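Please examine the sequence and the three-dimensional structure shown below. The paragraphs that follow move from the whole chain to individual residues.

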Amino acid sequence: PAGMQVDGTGFLTIFGANLGPVQPAGMQVDGTGFLTMLLSGTEVLFDGAPAPMVYASAGQVSAVAPFGLQAATTKVQVEYQGQTSPAFAAPVSPVTPGIFSLDGSGRGQALAINQDGSLNSLDNPAPAGSSIRVFATGLGQMSPAGQDGLVVTGAAVPMTPALQVTAQIGGQDAAVTKAGGTPGLIDEVVQLNITVPQQHLLLGAVSVAVQIGGQNSQPGITVAVRP
């Protein structure tokens, strides 16, 4: 916890013991279209208020950090079957961008979709000048304002990050042609359409990064490209 930072639109994962059920539970959607705040008897509390739950197990729980976090720090606790962990203080940042990886580790191949709708990989790289879709969180407040844990539907008003997002592929500037919500995902997950630079000598797995509010996404995440 000492090295943990929370932003107002990201996911917080906590590791420990006896945090939740022995049988892991994935996120659930209630009848109003929001993630539930109670998952298999487990809650994550930010300053005493429950947050939308993403995952719960005995050794690991994940929740959505609320959009409304404003203070420099927030007190986080896990409650399981009425037993509450000691609170720990986590620093809060307006933005902490992160790109989703294919294997969920936050490193290596990004979860990226090529322009033709196929999964991006070393065996299926994106050509120069084409558009790829990557997915990010921690991009701060949205416009219109996002709602904690709301699953986006086709009828929803299109949202974009309130701050401008830029990107690089292989260290070269790459145009972001779309940044917004996607039906079936929650408000805190943003789809970014990024154009592979047309004039480049890049081949294979190259770095992909986004920037917002002066903050960079995590290093060590890649997409596959070809001339």
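Of the 227 residues of this protein, 47% count as buried. The model is a predicted one, and the burial of a residue is judged by its relative accessible area, with a value under 20% counting as buried and a value over 50% as exposed.

The secondary structure consists of 24 strands and 0 helices. The radius of gyration is 18 Å, close to the 17 Å that the globule rule gives for 227 residues, so the protein is as compact as a globular protein of that length. Taken along the principal axes, the box filled by the C-alpha atoms is roughly 60 × 35 × 35 Å.

The surface may be considered next. Its accessible area comes to about 10,600 Å², and carbon and sulfur atoms account for 56% of this.

Two serines illustrate buried positions. S93 belongs to strand β10, which covers residues 88–93. Its relative accessibility is 10%, and because this is under 20%, S93 counts as buried. A polar atom of the S93 side chain lies 2.7 Å from the backbone oxygen of V95.

S217, by contrast, is located in a loop, between β23 (215–216) and β24 (221–226). Its relative accessibility is 7%, so S217 also counts as buried. Which residues are in contact with S217, leaving aside its neighbours within four places in sequence? They are P97, G98 and I99, together with V208, A209 and V210. The C-alpha atom of S217 is also separated by 9.5 Å from that of A167, although these two residues are 50 apart along the chain.

P144 lies in the loop between β16 (142–143) and β17 (160–161).

N18 is not a glycine, yet its phi is positive, at about 55°. This residue is found in the loop between β2 (11–15) and β3 (25–26). Its relative accessible area is 67%, so N18 is exposed. Q81 likewise has a positive phi, near 50°, in a residue other than glycine. Q81 sits in the loop between β8 (73–80) and β9 (83–84), and it is exposed because its relative accessible area is 61%.

Methods
Residues numbered from 1 in each chain as written. Predicted model: local features only at pLDDT ≥ 70, side-chain atom pairs only at ≥ 80, totals over all residues. Heavy atoms only, no water. Helix = DSSP H or I, 4+ residues; strand = E, 2+ residues; numbered from the N terminus. Buried < 20%, exposed > 50% of the residue type's maximum accessible area, 1.4 Å probe, protein only. Polar contact = N/O pair within 3.5 Å; in protein donor to acceptor, adjacent residues only side chain to side chain. Rg over C-alpha atoms; globule rule 2.2 N^0.38 Å. Areas by Shrake-Rupley, 256 points an atom, 1.4 Å probe, with all protein chains shown as cover. Contact = heavy atoms within 4.5 Å.
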